[in-house]
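Here are a few friendly notes to read alongside the model. Take them one at a time, and keep the 3D view open as you go.

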Amino acid sequence: MRLDTVRTYSARLIAVAALALSVAACGTPPQKLMLPEITFENQPKLTFAASSVETIQEYQPSAQPPHIELSIPQPPAAVAARWTRDRVALDNSQQNRVTVVIKKASVTEVDLKKTPGLRGSFTEDQVARFDTEVEMAIEIRDARGFRVGEASASARRSTSMSEKATMNDRDLIIHGLVRETMMDVNRELERNIRQYMPLYVR
């Protein structure tokens with residue numbers, strides 16, 4: 001769980017937040033941040049020896065506490081589906097089918113206990129912990145429906161939020177956490193695709 005990376009990414013977005021937060025000084029509510037879309041457009045295409053591709057979302061996002069996937073702007077399931085669009089290409093050289101399966105894409109929020117008593121008055125507590133878990137798999141089936149190659153990847157991350165954090169700060173933290181988790185999956189999945197499916201990708 002690399003909290004430093006998440007916090008570094010969030011720090012980079014503070015400049016984006018500054019304009020929206022500055023209106024608070026004028027006595028008006030801060031504007032909701034418009035955070036950048038999490039994409040893989042800057043990554044090279046993985047070109048498969050196949051003629052079709054599909055994405056199957058096995059994981060169903062939940063609003064049941066502690067899950068918060070349905071209340072955040074860019075849930076991991078949506079970013080995972082974006083991975084297929086951004087990274088998978090077909091050369092149409094064979095009648096194979098690429099299937100990307102989103103097996104897990106969760107975000108949870110857990111309240112943390114505050115420091116009690118007088119000491120708590122002088123302590124800046126962490127009041128919430130966010131956890132992400134993403135698992136994806138990719139397979140190739142031939143024209144007969146037989147699986148001829150497969151690879152998978154998963155990642156987990158966690159970070160916490162200070163009691164002084166605003167709602168915009170919370171959005172930044174979650175955005176950074178989802179992004180870094182998905183980048184972990186992206187790197188591992190590409191590595192495993194090239195290792196276990198070398199005959200079907202270039």
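1. Keep in mind that this is a predicted model.

2. How many of the residues of H3 are buried? The count is 9 of 12, so the helix is mostly covered. Among them are Pro76, Val79, Trp83 and Arg87.

3. Next, look at the length of H3. From its first C-alpha to its last, this helix of 12 residues reaches 16 Å, close to the 16 Å expected at 1.5 Å a residue.

4. Now zoom in on threonine 84, which lies in H3 (residues 76-87). Is threonine 84 buried or exposed? Its relative accessibility is 6%, and buried means under 20%, so threonine 84 counts as buried. Apart from neighbours within four places in sequence, threonine 84 is in contact with Val53, Thr55 and Val100.

5. Turn the view to see H3 and H5 together. Their axes are 11 Å apart, and the two helices pack at an angle of about 40°. That angle makes H3 oblique to H5. The crossing of the two helices is right-handed.

6. Which residues meet where H3 and H5 pack? From H3 come Pro76, Val79, Ala80, Trp83 and Arg87, and they meet Val178, Met182, Asn186, Leu189, Glu190 and Ile193 in H5. The residues of this contact divide into 8 nonpolar, 1 polar and 2 charged.

Notes: Residues are numbered from 1 along each chain as its sequence is written. This is a predicted model: local features need pLDDT of at least 70, side-chain atom pairs count only at pLDDT 80 or more; totals for chains, interfaces and linings use all residues. Side-chain values use heavy atoms; hydrogens and water are left out. Helices (H or I, at least four residues) and strands (E, at least two) are DSSP runs, numbered from the N terminus. Buried means under 20% relative accessible area, exposed over 50%, partly exposed in between (1.4 Å probe, protein chains only). Contact means heavy atoms within 4.5 Å. The expected span of a helix is 1.5 Å times one less than its number of residues. Axes are lines fitted to C-alpha atoms, for helices over the stretch in contact, and angles run from 0 to 180 degrees between N-to-C directions. Angles under 35 degrees count as roughly parallel, over 145 as roughly antiparallel, 65 to 115 as roughly perpendicular and the rest as oblique. A crossing is left-handed if the near helix is turned anticlockwise from the far one by less than a right angle, and right-handed if clockwise. Ala, Val, Leu, Ile, Met, Phe, Trp, Tyr, Cys and Pro count as nonpolar, Asp, Glu, Lys and Arg as charged, and the others, Gly among them, as polar.
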